[in-house]
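Open the model in a viewer and keep the selection panel to hand. The stops below go through pockets, a ligand and cavities in turn.

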Amino acid sequence: MQNIFDDLIAYQKTVADRSILDLFENDKRAGGFTAEAGGFVFDYSKTNMDERARELLLGLLETQGVAAKRDAMFSGQPINETEGRAVLHVALRDLDREILVEGVNVVAEVRATLDRMEAFAEDLRAGRYTGQGGKITDIVNIGIGGSDLGPAMATIAMAPFHDGPRCHFVSNVDGAHIADVLKGLNPQTTLVIVASKTFTTIETMTNAETARAWMAKDVADPAKQFAALSTSADKTSAFGIDASRVFGFEDWVGGRYSMWGPIGLSLMIAMGADNFRAFLKGAADMDAHFISADWAENLPALLALTGIWHNQICGYTTRAVLPYEQRLARLPAYLQQLEMESNGKRVSMDGGDLPYHSGPVVWGEPGTNGQHAFYQLIHQGTRVIPCEFLVGLRGFEPDLAHQHLLLVANCLAQSEALMVGRSLAEATQIMRSKGLEGDECDRQARHRVFPGNRPSTTLVYDQLTPHVLGGIVALYEHRVFVEGAILGINSYDQWGVELGKELALALSPVLEGAAEGAGKDPSTLSLAARFKAANA
Ligand code: F6P
């Protein structure tokens with residue numbers, strides 16, 4: 001691997017300064033660097049990757065044994081080695097297959113749980129399951145990280161299909177979050193879903209207690225208006241939630257990969273079981289493509305190779321995800337956890353130091369809003385930021401088709417502007433046409449130069465249906481898998497979040513004044529003292 005990596009770095013140096021636009025002198029460039037499958041089009045022609053670079057990158061898939069690793073994941077091998085677990089979120093959506101974990105077909109259990117979720121969701125939507133005050137009008141999903149970001153993102157994305165009760169999401173331990181959400185709700189017609197894989201996460205358990213106390217003021221038996229999504233039946237039962245409203249899953253579902261099963265219950269309640277099944281099918285179709293398509297046509301692989309090219313080879317440290325789709329407003333936040341918690345690792349599988357950089361910083365906002373906020377830096381800042389555009393060809397507002405056209409025009413214009421830029425000569429011409437001359441013309445022109453030659457990719461789909469959303473999320477999940485497999489890291493653990501949790505637990509008594517904070521550094525102690533003084 002090191003050889004191909006070195007070859008790629010050496011090759012990139014020889015082509016770093018060339019013009020991406022010039023690559024289009026080969027008239028096969030646009031089609032040759034576009035892949036299509038299952039209704040998705042991935043255009044990576046506006047990057048500095050050429051055939052030689054792509055060949056080397058595809059070689060990484062071979063030397064790193066990515067196909068064998070992929071097959072190990074799909075067949076339930078314990079590829080999450082640091083936690084000794086299989087990684088089988090794909091089993092939550094591939095409902096027709098048999099997948100054995102320690103000799104047991106786990107798909108049978110998945111199907112049974114899905115059936116129970118559907119029965120509950122449809123009972124609730126139809127008013128057969130009610131709150132003390134009648135039909136459930138509001139759902140409050142209490143969870144954090146993977147127990148929040150997926151359903152929260154998808155519930156916004158699926159607004160055109162939302163015909164169930166209103167859905168709210170509480171994640172932050174900041175009491176402001178739950179206070180603001182509960183303020184407008186009627187406890188007698190609210191269902192609280194406590195979503196936590198472990199059922200120990202302090203934020204979630206604290207918010208769950210707060211919600212129970214809120215409900216207890218108006219509802220005789222609050223536990224009847226609670227449901228739980230967790231791997232721990234013991235803990236959900238200790239919290240007092242009846243087993244009929246507990247939807248379990250296994251530890252082979254990682255938190256950030258869990259929205260396909262019980263953690264997706266709020267989404268299912270929002271849009272109904274049939275739409276949820278279409279969402280699962282979209283992901284299953286992407287799984288099938290990932291398993292069967294040649295690497296050169298394989299969307300997750302190509303997305304991953306573009307990521308490796310930009311981050312580890314070209315040295316661009318961040319990537320912007322820019323959905324031209326208002327309803328994907330939370331996709332960047334969702335992908336931050338998916339990508340950064342998965343591939344933000346500094347140690348290889350064998351425990352050695354990673355010889356290259358880990359995954360990039362992922363960030364973004366929907367277009368066109370981002371254009372009026374941070375695109376200035378993307379176009380004229382000193383660092384290159386690869387941009388990943390997503391756009392649907394059709395919206396859901398037929399009366400507003402002209403707005404959708406404007407949206408798409410903006411999306412295409414941005415990737416064009418990033419690549420083509422504006423030269424000093426063109427900028428000078430514009431300034432001259434405004435009557436400027438000499439040094440002042442030159443000075444003003446220089447501010448209006450766009451260096452261009454900035455890479456971007458565009459993912460196009462027809463319309464953001466449940467099926468398409470499932471495909472997009474699975475596409476990114478597998479992209480993360482491929483990047484992690486190439487780097488030789490474990491994409492499925494998250495030890496990096498543990499230290500802060502432990503220290504927060506130890507600091508609580510210091511803030512309460514019950515402990516002195518022996519061994520704490522002076523900065524931390526001084527900040528803690530300010531808290532104590534303000535709350536004395
Ligand atoms: O702290 C990180 C994390 O463990 C995530 O990986 C996970 O999605 C989140 O916390 C929530 O965990 P749980 O679902 O167990 O409450």
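Start by selecting Gly395, Glu397, Gln403, His404 and Leu407: of the 20 residues that line the second largest pocket, these lie nearest its centre. The model is a predicted one. The space in this second largest pocket comes to about 510 Å³. Colour its lining by class and the residues divide into eight nonpolar, eight polar and four charged.

**The largest pocket**

Next, select Thr198, Thr201, Val497, Glu498 and Lys501. They lie nearest the centre of the largest pocket, which has 37 lining residues. The volume of the largest pocket is about 1100 Å³. Show the secondary structure here: α9 (202-216), α14 (331-343) and α20 (498-512) are the elements that give two or more residues to the lining of this pocket. Which element gives the most to the lining of the largest pocket? Select α20, which supplies five residues. By class, the lining of the largest pocket consists of 13 nonpolar, 15 polar and nine charged residues.

**The ligand**

Stay where you are and display the ligand, which sits in the largest pocket. How many residues surround the ligand? There are 14, and the closest are Ser147, Ser196, Thr198, Thr201 and Glu341. Thr198 and Thr201 were already selected as residues nearest the centre of the largest pocket. The shell around the ligand is made up of two nonpolar, nine polar and three charged residues.

- Gly146: a backbone N or O atom lies 2.7 Å from an oxygen atom of the ligand.
- Lys197: here too a backbone N or O atom is placed 2.7 Å from a ligand oxygen atom.

Taken alone, the ligand exposes 390 Å², and the protein buries 88% of that.

**The largest cavity**

The structure holds two cavities of 30 Å³ or more. For the largest, select Thr306, His310, Arg319, Pro386 and Glu388, which lie nearest the centre among its 13 lining residues. The volume of this cavity is about 70 Å³. Elements giving two or more residues to its lining are α13 (299-313), β12 (318-324), β14 (387-392) and β15 (456-461). The largest share, four residues, comes from α13. Sorted by class, the lining of the largest cavity has four nonpolar, seven polar and two charged residues.

**The second largest cavity**

Two or more of its lining residues come from each of α14 and α19 (466-487). Which of the elements gives the most to this lining? Highlight α14, which gives three residues. α14 was also listed for the lining of the largest pocket. By class, the residues around the second largest cavity divide into three nonpolar, two polar and three charged.

Terms used
Residues numbered from 1 in each chain as written. Predicted model: local features only at pLDDT ≥ 70, side-chain atom pairs only at ≥ 80, totals over all residues. Heavy atoms only, no water. Near = heavy atom within 4 Å. Polar contact = N/O pair within 3.5 Å; in protein donor to acceptor, adjacent residues only side chain to side chain. Areas by Shrake-Rupley, 256 points an atom, 1.4 Å probe, with all protein chains shown as cover. 1 Å grid on protein atoms, 1.4 Å probe; cavity = no way out; pocket = protein on both sides within 12 Å on 5 of 7 lines; lining within 4 Å. Sits in = over half its atoms within 2 Å of the grid points. Nonpolar A, V, L, I, M, F, W, Y, C, P; charged D, E, K, R; others polar. Points joined across faces, edges and corners; volume = space filled by probe spheres on them.
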